[in-house]
Amino acid sequence: MIEAAVEFLESLAATPWFMVVVFAIALLDSVIPVVPSETALITGGVAAGFGDLPLVGVIAAGACGAILGDLLAYQVGITFGSVLERKAPERWLDRIAWARKALSRRAGIFLVFGRFIPLGRTAITMTSGITRLPRTRFLGYIAIAGVIWATYATGLGFLFGRRFQDNHAVAFTWAFVTAVGILVAVELTRRALGRRKARV
């Protein structure tokens with residue numbers, strides 16, 4: 001089953017049009033978190049490792065899609081933020097107030113590291129809009145986050161693509177498993193730090 005899926009992705013990734021797919025998926029993932037943007041970037045990276053696509057082109061497509069998607073999520077937060085603050089339950093308003101304070105102090109940390117947390121990127125970017133984080137400041141941080149994220153995911157695919165050029169299925173599987181492992185480690189670390197801070 002994995003081999004069949006990989007063969008399909010390979011056939012698609014072997015064409016320059018796949019970079020358009022990477023861009024679109026990265027954009028949508030910022031607003032609809034279930035879209036598999038990391039998978040698309042890893043696949044593009046593997047294809048770059050095989051020599052089918054330019055590595056820089058895949059990274060640029062992913063980063064641009066991520067940045068524009070984050071801007072879209074930010075705009076959604078601005079558009080619906082006032083309605084939410086008027087009609088939201090008191091506990092939500094408390095969380096928004098906390099987020100406004102936290103983002104005013106450490107927006108860079110939240111936006112850069114939040115891009116690597118499943119569901120976190122959408123929540124943080126929309127909240128940035130709701131709390132009216134200055135657009136220029138927001139754009140600077142998400143540009144950094146988008147480039148780092150796209151380079152990381154594409155780079156993983158590229159490294160394993162170069163390592164296993166004779167077996168595409170193995171290259172993709174190892175890159176994907178490694179990416180999931182890193183994301184799980186980041187999430188577990190975040191939760192552990194949160195629990196430790198709560199006890200202090």
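Student: How are H2 and H3 oriented to each other, roughly parallel or roughly antiparallel?

Tutor: Two packed helices are described by the angle between their axes and the distance between those axes. In this predicted model, the axes of H2 and H3 come within 8 Å and cross at roughly 155°. Angles over 145 degrees count as roughly antiparallel, so H2 and H3 are roughly antiparallel to each other.

Student: Which handedness does the crossing of H2 and H3 have?

Tutor: The crossing is left-handed.

Student: Which residue lies in the loop between helix H2 (17–29) and helix H3 (37–50)?

Tutor: Ile32 is one of the residues placed in that loop. Ile32 has a relative accessible area of 41%, so it counts as partly exposed. Together with Leu28 and Val34, Ile32 makes a nonpolar surface patch of about 290 Å².

Student: Where is Ala24, and is it buried or partly exposed?

Tutor: Ala24 sits in helix H2. Its relative accessibility is 35%, so Ala24 counts as partly exposed. As for its place in the fold, Ala24 and Gly62 are 38 residues apart in sequence, while their C-alpha atoms are 8.4 Å apart in space.

Student: Which residue meets Asp29 in a salt bridge?

Tutor: The side chain of Arg121 meets that of Asp29, at 2.3 Å from N to O. This pair links distant parts of the chain, with Arg121 in helix H6 (residues 120–130) and Asp29 in helix H2, 92 residues apart. As for burial, Arg121 has a relative accessible area of 7% and is therefore buried. Asp29, at 3% relative accessibility, also counts as buried.

Student: Which other salt bridge involves Arg121?

Tutor: The side chains of Glu38 and Arg121 meet in a salt bridge, at 2.6 Å from N to O. Glu38 belongs to helix H3 and Arg121 to helix H6, so this pair too links distant parts of the chain, 83 residues apart. Both Glu38 and Arg121 are buried.

Student: What do Asp29, Glu38 and Arg121 form when taken together?

Tutor: Asp29, Glu38 and Arg121 are linked in a network of salt bridges.

Student: Which residue forms a salt bridge with Asp70?

Tutor: Arg115 does, and the closest N and O atoms of the pair are 2.8 Å apart. Arg115 lies in the loop between helix H5 (90–114) and H6, and Asp70 lies in helix H4 (residues 55–87), so the pair ties together parts that are 45 residues apart in sequence. Both Arg115 and Asp70 are buried.

Student: How should I read H6 itself, and how many of its residues are buried?

Tutor: A residue counts as buried under 20% relative accessible area. Eight of the eleven residues of H6 are buried, so H6 is largely enclosed by the rest of the structure. The buried residues of H6 are Gly120, Arg121, Thr122, Ile124, Thr125, Ser128, Gly129 and Ile130.

Student: Where is Leu119, and is it buried or exposed?

Tutor: Leu119 lies in the loop between H5 and H6. With 57% relative accessibility, Leu119 counts as exposed. Leu119 and Ser30 are 89 residues apart in sequence and 8.7 Å apart in space, C-alpha to C-alpha.

Key. Residues numbered from 1 in each chain as written. Predicted model: local features only at pLDDT ≥ 70, side-chain atom pairs only at ≥ 80, totals over all residues. Heavy atoms only, no water. Patch = residues over 30% accessible without salt bridge, like charges linked within 9 Å, V, L, I, M, F, W, Y side chains within 5 Å. Areas by Shrake-Rupley, 256 points an atom, 1.4 Å probe, with all protein chains shown as cover. Salt bridge = Lys/Arg side-chain N within 4 Å of Asp/Glu carboxyl O. Helix = DSSP H or I, 4+ residues; strand = E, 2+ residues; numbered from the N terminus. Buried < 20%, exposed > 50% of the residue type's maximum accessible area, 1.4 Å probe, protein only. Axes fitted to C-alpha atoms, helices over the stretch in contact; angles between N-to-C directions. Parallel < 35°, antiparallel > 145°, perpendicular 65-115°, else oblique. Left-handed = near helix turned anticlockwise from the far one by under 90°.
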